[in-house]
Amino acid sequence: MTYAIIGCGAISKNHIAAALNTGLEIVALCDIVDKGMPALLEMMPEAQRAKVRCYADYKEMLSELHPDLVAIATGSGVKTAIALDCIAAGANLIIEKPIALSLRDADAIIDAARAKGVQVCVCHQNRMNPSVQAIRQAVDEGRFGRMLHGSARILWNRNRAYYDAAKWRGTWKSDGGTLMNQCIHSIDILRWLMGNEVKQVFAYTDRQIHDYIEAEDIGVAVVKFANGAYATIEGTVNVYPRNLEESLTLLGETGTVQAGGKSLNVIGTWNFADRDDSAEMLEKFGENPPAVPGLGHTRIYEDMIDAIQTGRAPCVSAEDGRRAIELILAIYQSAATGLPVDLPLKEGATIDYAGRFDQ
């Protein structure tokens with residue numbers, strides 16, 4: 001299966017590691033600037049490196065090479081046009097989160113992929129963590145009983161150097177704020193584990209100390225699910241001086257789980273009424289595993305390759321990616337209006353909130 005990547009910034013190393021780990025035939029690297037390409041080429045065996053072509057124009061790459069699978073790892077604001085061109089060329093896609101910055105664009109990608117018969121996966125790779133998969137299995141087995149309450153806390157630091165490194169970061173047109181960028185993985189997992197169907201959201205967002213960006217640096221929300229469960233979301237990049245925690249708590253009538261660590265890969269609490277396997281789970285997931293570049297991405301790639309070969313939907317589909325941004329856009333709408341927002345949403349975009357914190 002031939003593979004190309006569009007966008008050779010920092011996250012692209014995880015994608016190339018995943019492509020190498022899964023045996024894909026890497027045929028092209030593409031970026032409007034080439035400064036990230038040498039490091040990606042160095043990751044490859046010499047024989048493979050010699051076969052890779054480098055492009056500045058992704059349309060030229062698509063027309064000349066017709067890759068089977070393309071990863072889009074560009075800035076958030078330009079993904080939709082690239083995705084639609086890739087789909088039109090018959091390529092299957094792995095899109096770095098978020099899938100898009102508007103529901104209209106997400107729907108356009110979903111509709112185009114369906115019409116063309118190609119697969120689209122959104123890279124919410126933390127879903128593939130063994131700890132998160134274990135929690136999902138407990139949900140599927142009904143071990144929580146009636147789901148009651150959950151929470152996602154993302155207490156991180158992002159300083160000026162981070163935003164200055166890429167001018168699109170923190171802008172409404174091309175990024176959104178901490179909820180859309182830093183917190184989206186945990187928001188996606190919270191929704192996925194608690195029942196997916198959200199009924200209503202009420203939220204506050206603010207730009208407290210990052211006056212050099214446009215969007216929020218803190219967001220807090222209360223979520224009501226259609227199944228009667230409630231959840232809270234707390235996300236910020238205002239923690240001094242470094243990241244403090246990322247945690248997830250799920251409370252059911254017959255089960256309680258709490259996960260944390262660098263990417264929800266540490267389980268600190270595991271209690272269920274049906275059987276006592278707490279000691280086993282805490283031993284298995286009780287500490288952060290060694291950092292392995294591209295590990296979560298590799299599992300996404302393994303699943304996507306199988307999905308393409310078998311015709312089934314990938315584990316994180318384009319529709320899943322839409323659900324994640326829908327919840328965040330509902331939070332933005334509630335915070336801007338001061339009112340609860342009912343879901344589902346038919347429309348919404350980050351650009352709708354341009355200038356909100358400048359008034």
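Q: Is asparagine 196 buried or exposed, and with what relative accessible area?
A: This is a predicted model in which residues are numbered from 1 along each chain as its sequence is written, local features need pLDDT of at least 70, side-chain atom pairs count only at pLDDT 80 or more, and totals for chains, interfaces and linings use all residues. Side-chain values use heavy atoms, with hydrogens and water left out. Buried means under 20% relative accessible area, exposed over 50%, and partly exposed in between, with a 1.4 Å probe and protein chains only. By these limits asparagine 196 is buried, because its relative accessible area is 18%.

Q: Where is asparagine 196 found, and what is its phi?
A: Helices (H or I, at least four residues) and strands (E, at least two) are DSSP runs numbered from the N terminus. In those terms asparagine 196 belongs to the loop between H10 and strand S8 (198-206). Just after H10, glycine 195 takes a positive phi of about 125°. Asparagine 196, although it is not a glycine, also has a positive phi, with a value of about 70°.

Q: How many of the residues of helix H10 are buried?
A: Helix H10 covers residues 184-194, and its buried residues include His185, Asp188 and Arg191 as well as Ile184, Leu190 and Trp192. The helix is largely enclosed by the rest of the structure, because the buried residues number 11 of the 11.

Q: How many disulfides does the structure hold?
A: A disulfide here is a pair of cysteine sulfur atoms within 2.5 Å. The sulfur of cysteine 30, a residue that counts as buried at 2% relative accessibility, has its closest cysteine sulfur in cysteine 8 at 7.2 Å, too far for a bond. Cysteine 54 counts as partly exposed at 43% relative accessibility, and its sulfur is 7.5 Å from the closest cysteine sulfur, again in cysteine 8, which is too far for a bond. The number of disulfides is 0.

Q: How is the pair of tryptophan 172 and tyrosine 353 classed?
A: Rings of Phe, Tyr and Trp (its six-membered ring) pair if their centres lie within 6.5 Å, with planes under 30 degrees apart counted as stacked, over 60 as edge-to-face and the rest as tilted. By this rule the count comes to 10 aromatic pairs. Tryptophan 172 and tyrosine 353 are one of these pairs, at 6.0 Å centre to centre with 55° between the planes, and are classed as tilted.

Q: How many residues apart are tryptophan 172 and tyrosine 353?
A: Tryptophan 172, buried at 2% relative accessibility, lies in the loop between helix H8 (160-164) and helix H9 (178-181). Tyrosine 353, buried at 11%, lies in the segment after strand S14 (341-342). The pair links distant parts of the chain, and the separation is 181 residues.

Q: How is the pair of tyrosine 332 and tyrosine 353 classed?
A: Tyrosine 332 is buried, with a relative accessible area of 2%. Because its ring centre is 5.8 Å from that of tyrosine 353 and the planes stand at 65°, the pair is edge-to-face.

Q: Which residues form one aromatic cluster?
A: Tyrosine 353 pairs with tryptophan 172 and with tyrosine 332. One aromatic cluster is formed by Trp172, Tyr332, Tyr353 and Phe357.
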